[in-house]
Amino acid sequence: MTFLTLQNLTKSFGDFRAVRDMTLSIERGEFISLLGPSGCGKTTTLQMVAGLLPPTSGTILLDGKDITKTPPNKRGLGIVFQSYALFPHMTALENVAFGLEMRGVGKAERLKRAEKALDQVKLSHFIQRYPKQMSGGQRQRVALARALVIEPPVLLLDEPLSNLDAKLREEMRIELRLLQQDIGVTTILVTHDQEEALSMSDRIVVMRDGEMAQIAAPLDLYERPTNTFVSDFVGKTNLITGIACGEDTITVDGQVLSAPGHGHPKGDGVTLSIRPEKFVLSADGDGHAATIRAAIFMGSSWLYRVDSPMGELFVAQTNTGAPGFTRGQSARLSWPADAMTLFAEAA
């Protein structure tokens with residue numbers, strides 16, 4: 001059953017529409033990510049859900065109740081900001097207990113609940129430390145515990161991992177997702193990091209210019225994007241312009257490529273999308289002639305830039321422990337027919 005509903009939610013600043021007629025239904029316990037480039041409206045949407053910004057029009061329903069005009073402090077939602085916003089003069093325990101104190105919870109009860117929340121985020125041994133005595137990851141967990149301790153119906157996360165270094169950010173993604181699943185709290189994450197959204201979400205809302213470009217589960221979004229913007233923004237891809245020339249073929253710079261059942265009228269321009277990891281590079285054999293122009297070792301994989309009859313392409317290959325291709329080397333390039341996604345639009 002739908003737990004949180006946004007109905008035709010719109011926010012305008014003068015003549016500029018930051019969010020346009022957004023309609024979204026979120027299930028209880030679901031983890032939803034709002035993903036998109038800067039200025040796409042994702043943070044504005046989160047702020048309207050939080051009550052920090054009044055919508056110009058539209059409705060927000062929480063468990064069947066209209067909260068569109070309910071003040072932020074009456075909504076009972078948990079919010080974690082990018083800055084964490086911890087009180088520097090308070091210990092971790094005091095920071096977490098503060099929200100309960102504002103709600104009139106007695107001292108003994110709020111300290112007990114604060115200790116439990118810190119234990120949930122694995123900070124039991126840090127309850128008496130001040131923010132300046134903790135690492136970025138520990139401060140992030142304190143902010144998360146502070147949001148969870150009030151037992152919110154919805155947890156709102158505004159790019160909470162963006163201040164962490166790459167390795168810690170990856171670790172915190174896993175920890176945050178496991179914690180969310182254990183607690184079962186309905187969560188909305190705002191992020192511009194596609195890997196973050198793909199690795200943590202039940203569904204992802206890709207936003208562009210204040211509108212929803214696509215809503216889907218991570219695998220569906222990655223494998224079956226519905227337009228070139230989503231295909232290019234979510235993960236790496238190669239966008240190739242071609243022309244439909246038959247029921248099962250297209251041409252790209254004079255090269256005839258197999259595209260079974262593409263469904264586009266003959267003569268129409270199309271854009272072909274192929275993910276770098278879908279390509280197969282071999283030293284010889286079948287496929288199109290290609291030349292390696294750059295070889296970058298990524299640890300778990302190789303990333304190549306190759307020249308091909310279809311133009312410049314990026315190709316990713318799993319590291320098997322064997323030496324990779326080298327710059328200037330000739331190779332053969334192929335891919336399975338079902339690795340291609342075709343769009344009737346310009347790249």
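Reader: How many aromatic pairs does the count come to by the rule used here?

Author: In this predicted model, the count comes to 6 aromatic pairs.

Reader: Why is the pair of Phe 87 and Phe 98 called edge-to-face?

Author: The ring centres of Phe 87 and Phe 98 lie 4.9 Å apart, which is within the 6.5 Å that a pair requires, and their planes stand at 65°; since planes over 60 degrees apart count as edge-to-face, the pair is therefore edge-to-face. This pair links distant parts of the chain, with Phe 87 in the loop between β6 (78–80) and α3 (92–102) and Phe 98 in helix α3, 11 residues apart.

Reader: What makes Phe 87 partly exposed?

Author: Phe 87 has a relative accessible area of 29%, and a residue is buried under 20% and exposed over 50%, so Phe 87 falls in between and is partly exposed.

Reader: Why is the aromatic pair of Phe 297 and Trp 302 called tilted?

Author: The planes of Phe 297 and Trp 302 are 55° apart, with 4.9 Å from centre to centre; because stacked planes are under 30 degrees apart and edge-to-face planes over 60, this pair is tilted.

Reader: What makes the charged end of Arg 275 sit over the ring of Tyr 222?

Author: The charged end of Arg 275 is 4.0 Å from the centre of the Tyr 222 ring, which is within the 6 Å cut-off for a charge over a ring.

Note on methods: Residues are numbered from 1 along each chain as its sequence is written. This is a predicted model: local features need pLDDT of at least 70, side-chain atom pairs count only at pLDDT 80 or more; totals for chains, interfaces and linings use all residues. Side-chain values use heavy atoms; hydrogens and water are left out. Helices (H or I, at least four residues) and strands (E, at least two) are DSSP runs, numbered from the N terminus. Buried means under 20% relative accessible area, exposed over 50%, partly exposed in between (1.4 Å probe, protein chains only). A charge sits over a ring if NZ of Lys or CZ of Arg is within 6 Å of the ring centre and within 35 degrees of the ring normal.
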